[in-house]
Amino acid sequence: MWQFFHKLGSPKWFFGISTRFMPWLLMSGILLLMAGVVWGLAFAPKDYLQGNSYRIIFIHVPTAFMAQSVYIMMASAALVTLVWRMKLADVFVKAVTPVGLVLTFLALFTGAVWGKPTWGTWWIWDARLTSMLILLFLYGGVIALDRAINDEKSAARAVAVLVLVGVVNIPIIKYSVEWWNTLHQPATFKLTEKPSMPAEMWVPLLLSVLGLYLIFGWLACIRMQTEILSREQRTRWVKEFVMKGKV
Amino acid sequence: MAFDSFAAFVSMEGHGPYVWACYAVFFVLMIVLMAGSVRSRDATIESCRRRYELQAEKSTVAAAPTTSASFARVNVSQD
């Protein structure tokens with residue numbers, strides 16, 4: 001276990017193993033996402049209440065779900081950075097923050113466009129929407145803070161602290177639809193209950209969530225590799241990789 | 001298929017513009033993000049390569065036997 005933990009902290013080991021996994025992550029991710037999206041757009045039955053506008057759910061839920069889980073992953077990595085000073089954890093935080101920002105923006109955008117035909121408004125200062133907007137600002141804040149500090153180690157610690165403080169927003173997003181009387185509908189998936197939708201609706205939704213998760217995995221790997229290469233360019237293994245193409 | 005015709009699929013009973021706008025923005029942003037990530041990785045590899053080549057050049061120049069420094073004027077063509 002501890003040996004695995006140490007290995008995981010080695011940028012060189014990560015570089016080698018991620019290179020092997022990446023094509024699989026990308027291919028299976030695109031396949032699942034496309035299957036979910038095509039099924040959802042063309043074959044799933046229309047909603048009896050919302051009509052066809054509900055088809056936005058097949059990208060809205062995956063992006064919103066990923067926006068939050070990326071933040072939770074970042075917070076776990078931030079804790080590892082602070083406690084064990086593991087280099088790779090900080091590399092992860094730095095690499096995935098822009099991805100989280102884009103996913104949060106997409107969740108807000110698709111939500112707003114869905115809101116117009118369904119609620120009659122693009123935006124409302126409702127608890128779920130506002131807490132998601134705060135998540136967007138948190139991602140932006142992490143990027144800004146990281147760029148503002150030149151020293152790599154101080155930047156890593158400052159960013160880790162900010163990410164951990166911001167994690168308080170995650171349960172607020174999750175439970176906002178239960179704590180407050182909001183316009184937003186309650187969660188589609190719950191771990192403890194069967195989905196209230198028919199299978200022809202939730203299966204494609206699950207496929208697109210899984211697909212986006214795998215694509216995120218690929219994005220995290222490739223962006224971490226970039227960060228590792230630029231940080232470790234003085235080491236011999238990076239030189240060998242760049243000149244000979246092997247790790 | 002949940003629609004009778006391709007036209008019905010595109011219009012989605014009037015919800016078409018909303019649905020298609022969402023999907024278009026989603027795919028454009030995801031593709032930009034993915035292509036940008038690949039490009040920045042390639043650019044980093046390229047900048048490392050240039051740096052190593054420059055270092056290699058410098059070290060061969062440094063290793064070449066040189067005579068002690070002199071201040072004699074050397075005529076070098078400027079064009």
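Where in chain B is Glu13(B) found? Glu13(B) sits in the loop between helix H1 (6-11) and H2 of chain B, in a predicted model whose two-chain contact takes 27 residues from chain B and 32 residues from chain A. Two residues are in contact if their C-beta atoms, placed from the backbone, lie within 7 Å, and helices (H or I, at least four residues) and strands (E, at least two) are DSSP runs, numbered from the N terminus.

Residues are numbered from 1 along each chain as its sequence is written, while chains are lettered from A and ligands numbered from 1 in the order in which they are written. Because this is a predicted model, local features need pLDDT of at least 70 and side-chain atom pairs count only at pLDDT 80 or more, whereas totals for chains, interfaces and linings use all residues.

**The two chains**

- Chain A has nine helices and zero strands, and along the sequence its pattern reads α-α-α-α-α-α-α-α-α.
- The radius of gyration of chain A, taken over C-alpha atoms, is 20 Å, close to the 18 Å that the globule rule gives for 247 residues, so chain A is as compact as a globular protein of that length; the globule rule is 2.2 Å times the number of residues to the power 0.38.
- The C-alpha trace of chain A spans about 60 × 35 × 30 Å along its principal axes.
- Of the 247 residues of chain A, 39% count as buried, where a residue is buried if 20 or more other C-beta atoms lie within 10 Å of its own, exposed if 12 or fewer, and partly exposed in between, with C-beta atoms placed from the backbone.
- Among contacts in chain A between residues at least 6 apart in sequence, 77% join residues at least 24 apart.
- Chain B has two helices and zero strands, and 11% of its 79 residues count as buried.

**Where chain B touches chain A**

- The contact draws 27 residues from chain B and 32 residues from chain A, and the largest share of the chain B side, 20 residues, comes from helix H2 (residues 16-63) of chain B.
- By class, the side of chain B that touches chain A has 19 nonpolar, four polar and four charged residues, where Ala, Val, Leu, Ile, Met, Phe, Trp, Tyr, Cys and Pro count as nonpolar, Asp, Glu, Lys and Arg as charged, and the others, Gly among them, as polar.

**Helix packing in chain A**

- Helix H3 (residues 57-84) of chain A and helix H4 (residues 87-119) of chain A pack at an angle of about 155°, with their axes 8 Å apart; axes are lines fitted to C-alpha atoms, for helices over the stretch in contact, and angles run from 0 to 180 degrees between N-to-C directions.
- That angle makes H3(A) roughly antiparallel to H4(A), given that angles under 35 degrees count as roughly parallel, over 145 as roughly antiparallel, 65 to 115 as roughly perpendicular and the rest as oblique.
- H3(A) passes H4(A) in a left-handed crossing, a crossing being left-handed if the near helix is turned anticlockwise from the far one by less than a right angle, and right-handed if clockwise.
- The residues of the contact of H3(A) with H4(A) divide into 19 nonpolar, eight polar and one charged.
- H4(A) and helix H5 (residues 127-148) of chain A pack at an angle of about 155°, with their axes 9 Å apart, which makes H4(A) roughly antiparallel to H5(A), and their crossing is left-handed.
- Among the residues of that contact are Thr97(A) and Leu101(A) of H4(A) and Leu136(A) and Tyr139(A) of H5(A), and the contact of H4(A) with H5(A) divides into 13 nonpolar, five polar and two charged residues.
- H3(A) and helix H6 (residues 152-166) of chain A pack at an angle of about 135°, with their axes 9 Å apart, and are therefore oblique to each other, in a left-handed crossing.

**Individual residues**

- Glu13(B), a residue other than glycine, has a positive phi near 55° and is exposed, with 11 other C-beta atoms within 10 Å.
- Arg85(A), in the loop between H3 and H4 of chain A, has a positive phi of about 55° although it is not a glycine, and counts as partly exposed with 13 C-beta neighbours inside 10 Å.
- Leu162(A), in helix H6 of chain A, is partly exposed, with 17 other C-beta atoms within 10 Å.
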